Amino acid sequence: GVTVHKRTSLMAGTLKVLGQATVASQVVHRLLGKHGFVGSYRPSTRAFFAHTHRFLTAHAHDRFTLVAFPPELWLEFLIAIIVLPFQQSQLDADYCGRLECYDASPGGQGRAWGFFSETLVHDVCRYADRKSAYTSLS
């Protein structure tokens, strides 16, 4: 996962942005990217930012113009920093037999899982962790 220092810095930066009445959409875009990177270790947290994605789409043409910080975005980022301490993984833990796969949908609609031997899960994780030939899971 992401180090405690990086998660703490992200929390402080988010609180600083939340304290502003107006913000450039570019700042929201960068902040969302930082949360997205941290959230990549916990894919279920990607669903927090539904209003934020709509906001960024609506303000794609004026990325540097200051706009009012909508309350729904404020709430989404507040929820994201509340769960931030829990977005960590123990990297030296044993492999379990449950294998989960996600697609890139923000809501997690493309989620699938199954139970396999720990050896197979270990091998799949090793192949997915490095650059190699693309392997279709279907």
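Tutor: A search of the whole structure, which is a predicted model, finds 2 aromatic pairs.

Student: What is the geometry of the pair formed by F48 and F49?

Tutor: The ring centres of F48 and F49 are 6.5 Å apart, and the angle between their planes is 75 degrees. Planes over 60 degrees apart count as edge-to-face. The pair of F48 and F49 is therefore edge-to-face.

Student: Is F49 buried or exposed?

Tutor: The relative accessibility of F49 is 6%. Buried means under 20%, so F49 counts as buried.

Student: Which parts does the pair of F49 and F77 tie together, and how many residues apart are they in sequence?

Tutor: F49 and F77 form a tilted pair, with 5.1 Å from centre to centre and 50 degrees between the planes. F49 belongs to the loop between α2 and α3, whereas F77 belongs to helix α4. The pair therefore ties together this loop and α4, parts whose separation in sequence is 28 residues.

Student: Where do the buried residues of α3 lie around the axis?

Tutor: In helix α3, residues 50-58, the buried residues are T52, F55 and L56. Because they cover an arc of only 95 degrees around the axis, they lie on the same side of α3.

Student: Which residues are exposed on the other side of α3, and what covers the buried ones?

Tutor: The exposed residues on the other side of α3 are R54 and T57. The cover over the buried residues of α3 includes α2 (25-39), β2 (66-68) and α4 (71-82).

Terms used:
Residues are numbered from 1 along each chain as its sequence is written. This is a predicted model: local features need pLDDT of at least 70, side-chain atom pairs count only at pLDDT 80 or more; totals for chains, interfaces and linings use all residues. Side-chain values use heavy atoms; hydrogens and water are left out. Buried means under 20% relative accessible area, exposed over 50%, partly exposed in between (1.4 Å probe, protein chains only). Helices (H or I, at least four residues) and strands (E, at least two) are DSSP runs, numbered from the N terminus. The arc is that of the directions from the helix axis to the C-beta atoms. Contact means heavy atoms within 4.5 Å. Rings of Phe, Tyr and Trp (its six-membered ring) pair if their centres lie within 6.5 Å; planes under 30 degrees apart count as stacked, over 60 as edge-to-face and the rest as tilted.
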